[in-house]
Amino acid sequence: MEVDVASNLRSIQQTLPEGVELVAISKYHIADHVMKAYDAGQRIFGESREQELVEKAEKMPKDIEWHFIGHLQRNKVKYIAPFIHLIHSMDSPRLLAEINKQAEKCNRTIKVLLQLHIADEETKYGMTLDECRAMLEEGTWRDYHNIQIVGIMMMASNVDDRAQIKGEFQLASDFFNEVKNKYFANEPSFCERSWGMSHDYDIAVKTGSNMVRVGTAIFGAREY
Ligand SMILES: *Cc1c(COP(=O)(O)O)cnc(C)c1O
């Protein structure tokens, strides 16, 4: 069955409270399909693989704001550094150093989110809360002039138990406040809370998310 991307987008937008940004996750969908969302007015797209992102960014209109959401290897940062708007998946001090270095080469400032591992699953990436605290406390990030840390990102466990999902989002929300108060109290730019996907963005916006990453509910199922 043909997926009605424009209508999917519209019904999601209608349920999102004011101030919540919708990142359309276009990974594994071909550019022609993704363009249906662009034509319906969507301008923020997220991809999880560097090569696929670079190819789409070349092919698609230049006013798109591209976000990177997948696990990012340090040797791949240079390919996306010239144009990436926000990296959701910054998960180690070494990756942060590399992003800063590549951003400097491009004469840019790249915005990043601290990716947290809160989910109850080995396979998920991200820093534990303590690893993240240690990185912020250590302080080297303050010397990087070509990155800007603007918030946090996480994925909930892939479970049906909505109470569990809500609890994990709540933990992220509390951690956001902790970090905000301790390190970014005077920086309004530290404001992004990226959590919520197709099956749980409704819970996410009730627990303080202001950036949901939705793929399947817009574009239909992915073919791997
Ligand atoms: C694929 C992906 C999404 C979107 O997932 P859907 O269930 O298709 O909405 C969101 N966030 C991350 C990190 C992803 O990898």
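User: Before we get going, how are residues sorted into nonpolar, charged and polar here?
Analyst: Ala, Val, Leu, Ile, Met, Phe, Trp, Tyr, Cys and Pro go down as nonpolar. Asp, Glu, Lys and Arg are the charged ones. Everything else, Gly among them, counts as polar.

User: And how does the lining of the largest pocket divide by class?
Analyst: Keep in mind that this is a predicted model. The largest pocket has a volume of about 730 Å³, and 29 residues line it. By class, that lining splits into 13 nonpolar, 11 polar and five charged.

User: Where does the ligand sit, and which residues are around it?
Analyst: The ligand sits in the largest pocket. The shell around the ligand has six nonpolar, three polar and three charged residues. Its members are Ile25, Lys27, Ile69, Met153, Met155, Met197, Ser198, Arg213, Val214, Gly215, Thr216 and Arg222.

User: Which side chains have a polar atom 2.5 Å from an oxygen atom of the ligand?
Analyst: A polar contact needs N or O atoms within 3.5 Å. Lys27 makes that cut-off, with a side-chain N or O atom 2.7 Å from a ligand oxygen. At 2.5 Å from a ligand oxygen you find polar side-chain atoms of Ser198 and Thr216.

User: How much of the ligand's accessible area does the protein cover?
Analyst: On its own, the ligand has 390 Å² of accessible area.

Definitions and conventions: Residues are numbered from 1 along each chain as its sequence is written. This is a predicted model: local features need pLDDT of at least 70, side-chain atom pairs count only at pLDDT 80 or more; totals for chains, interfaces and linings use all residues. Side-chain values use heavy atoms; hydrogens and water are left out. A residue is near a molecule or strand if one of its heavy atoms lies within 4 Å of it. A polar contact is a pair of N or O atoms within 3.5 Å; within protein, one must be able to donate a hydrogen and the other to accept it, and residues adjacent in sequence count only if both atoms are side-chain atoms. Accessible areas come from the Shrake-Rupley method with a 1.4 Å probe; for residues, only the protein chains shown count as cover. On a 1 Å grid over the protein atoms alone, a cavity is a set of points where a 1.4 Å probe fits but cannot get out, and a pocket is an open set with protein on both sides within 12 Å along at least five of seven lines; lining residues have an atom within 4 Å of a point. A molecule sits in a cavity or pocket if more than half of its atoms lie within 2 Å of its grid points. Grid points are joined across faces, edges and corners, and a volume is the space filled by probe spheres set on the points.
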